[in-house]
Amino acid sequence: KSNKNSDTQVAVVGAGLVGSLEACMLAQRGYDVHLYEYREDIRTLEHVPGRSINLAMSVRGRTALRHIGVEDSIIAHHAIPMRARMIHRPDGSTAAIPYNKDGQCIYSVGRRFVNEVLLTKAESFPNVTCHFQHRLTAMDITTRTMTFTNPTTEETNTRTADLIIGCDGAFSAVRKEMLKRANLNYSQNYIPHGYMELCIPADKHGEFAMPPNYLHIWPRGEYMMIALPNQDKSWTVTLFMPFNIFESLTSPQILMNFFQQNYPDAIPLIGEEKLVKDFFANKGLPMISVKCSPYHVGSSCLLLGDAAHAMVPFYGQGMNCGMEDCLVFDELLTKLDYDLSLVLPAYSAKRNPDAEAIVDLAMYNYVEMRDMVNSRWFLLRKKLDNFLNLIFPRSWVPLYTMVTFSREPYHMCIKKKQRQDKVLHCTSLAVLGTAVVGGVVLTWRSGSASDWLHKTFNFVVTAGRSAVPYLDHVTLY
Ligand code: FAD
């Protein structure tokens, strides 16, 4: 903690997962923090509207929570460990794939619960003031002036701060104002898939209707469904599919046929009536990927979390990465003795390659899910990847493990993966070549080569097909 910071006023715009965490970290460093949030205080609401009821939390998010002393209250008592993926095949059979052979797991946490713990923690600091129902509607970066509008009364008020931190999500108003300045690059991408949240309620005994310590996945190539457990023994189910498929399911009968064909085992779990009711009460929601750079303007303005780098949710890293942003910023504050004119550019330079790497990885996983599932070559390489990790556990770490269970900078995860890919490529070629040549030589001696080739081809095809449901989402979630 540095007392000299008490004269510096920091405005954090957006009290979601990242903004409320950032307010705590700044408060620990002695800043005079004002946290502005568009919505009402969620702790006072019966129902909080919004997306993704629960999220997968892993090492990066946990490390950030530990830094402000709330990891235990969230993870130990209110998170459900997910030790493996549970793959549901179209015929209703299931297979478990552990996340990690060393027993590491990810955790299902409730968005609202985590947000509430962080808000309460922020308010416990005497140097944090929360302002709810404050929607940022305009900002002048030169004078560091913000205009807030009350969404209910439409009243406006104006505030200033020495530093403004935009944690206001993928459609950030702070970023929009920053983009009016020169030298800020920005791109956004909507994908053709949408998502919809459904629910599997607790069973008639009030228990989980499926084995709880898993992230359940129904991989179906172009479509996918996942389910994460909730504290009240229900499951939040997320259906991912192209918008044109959402739009084609126009009647209860068509919807039920679609589920019969793709997710038959989920129908009795959700309940037919509930499935129809919830599906037609909702609509497919869009997913956006955002990149921008740098993340700061001078020493007055900075973006963290989704405001800086929203990503498609196929790696389960959006919140984890946003929380790690706060850690990286905090590390630089202490390293550069709280000199904001040095810290902000240093943050942009350090964090940009990593944030863009995970935005790309999340998008890659989306493409992989769509296009690679039927590639036998891809599946063979995945098998080899896992095998090499078994024999060289320290030096050969699968990408998913690096991203999810370490704080290895994201761009280094990609670099290491690229090096491994080169080795994999050559090894798979060598394995395939040796198998074919060896087999041909052996059978040439003992009988018909064409018979052997036919058998080998059939074997590879069958093995490839049966491996699909196990391997196609090995890196997903
Ligand atoms: P947000 O959560 O969007 O919070 C922004 C806050 O700013 C909100 O409170 C909002 O009300 C407020 N705000 C907005 N505009 C203004 C304004 N003008 N003025 C004042 N306040 C404003 N990540 C994971 O790590 N694991 C997962 O399993 C996972 N699953 C996901 C599943 C889905 C379907 C989706 C869509 C995302 C998922 N994510 C996941 C990503 C995660 O939800 C986000 O990365 C995370 O919520 C980002 O937090 P944030 O605080 O930056 O933004």
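**Reading the folds and contacts of a predicted model**

Q: Where is P294 found?
A: P294 sits in the loop that joins β17 (285-293) and β18 (296-297). Please keep in mind that the model is predicted.

Q: How do you know that the peptide bond from S293 to P294 is cis?
A: Look at omega: for the bond from S293 to P294 the angle is near -5°, and the bond is cis.

Q: What makes the phi of Q133 a positive value in a residue other than glycine?
A: Phi is near 55°, and the residue is Q133, not a glycine. You will find Q133 in the loop between β8 (128-131) and β9.

Q: Which numbers describe a pair of packed helices?
A: Two are used: the angle between the axes and the distance between the axes.

Q: Why is α1 called roughly parallel to α4?
A: Helix α1 (residues 17-28) packs against helix α4 (residues 111-123) at an angle of about 25°, and the axes are 9 Å apart. The cut-off for roughly parallel is under 35 degrees, so α1 counts as roughly parallel to α4. As for its hand, the crossing of α1 and α4 is left-handed.

Q: Which residues make the contact of α1 and α4?
A: From α1 come L17, S20, L21, A23, C24 and A27, and from α4 come V114, N115, L118, L119, K121 and A122. By kind, the residues of this contact are nine nonpolar, two polar and one charged. Cys counts as nonpolar and Lys as charged.

Q: Why are α2 and α3 described as oblique to each other?
A: The axes of α2 and helix α3 (residues 71-78) cross at roughly 130° and come within 7 Å. Roughly perpendicular covers 65 to 115 degrees, and roughly antiparallel starts over 145. The angle therefore makes α2 and α3 oblique to each other.

Q: What makes up the contact of α2 with α3?
A: R62, L65 and R66 of α2 meet E71, I74 and I75 of α3. The contact of α2 with α3 has three nonpolar, no polar and three charged residues; Arg and Glu both count as charged.

Q: How do α7 and α9 meet?
A: The axes of helix α7 (residues 252-262) and helix α9 (residues 272-281) come within 10 Å and cross at roughly 115°. The crossing in which α7 passes α9 is right-handed. P252, L255, M256 and F259 in α7 meet E272, L275, V276 and F279 in α9. Seven of the residues in this contact are nonpolar, none polar and one charged.

Q: Which domains does the assignment give for the protein chain?
A: The domain assignment gives domain 1 (3-81 + 104-188 + 287-367), domain 2 (190-286) and domain 3 (376-471).

Q: Which residues come nearest to the ligand?
A: Of the 33 residues around the ligand, the nearest are G14, G16, G169, G305 and G318. Two or more residues of the shell come from each of α1, β3 (54-57), β9 (135-140), α10 (306-309) and α11 (318-335). The largest share, four residues, is that of α11.

Q: How do the residues of the shell around the ligand divide?
A: They are 15 nonpolar, twelve polar and six charged. Gly counts as polar here.

How values were computed:
Residues are numbered from 1 along each chain as its sequence is written. This is a predicted model: local features need pLDDT of at least 70, side-chain atom pairs count only at pLDDT 80 or more; totals for chains, interfaces and linings use all residues. Axes are lines fitted to C-alpha atoms, for helices over the stretch in contact, and angles run from 0 to 180 degrees between N-to-C directions. A crossing is left-handed if the near helix is turned anticlockwise from the far one by less than a right angle, and right-handed if clockwise. Two residues are in contact if their C-beta atoms, placed from the backbone, lie within 7 Å. Domain bounds come from an automatic or database domain assignment. A residue is near a molecule or strand if its C-beta atom, placed from the backbone, lies within 6 Å of it.
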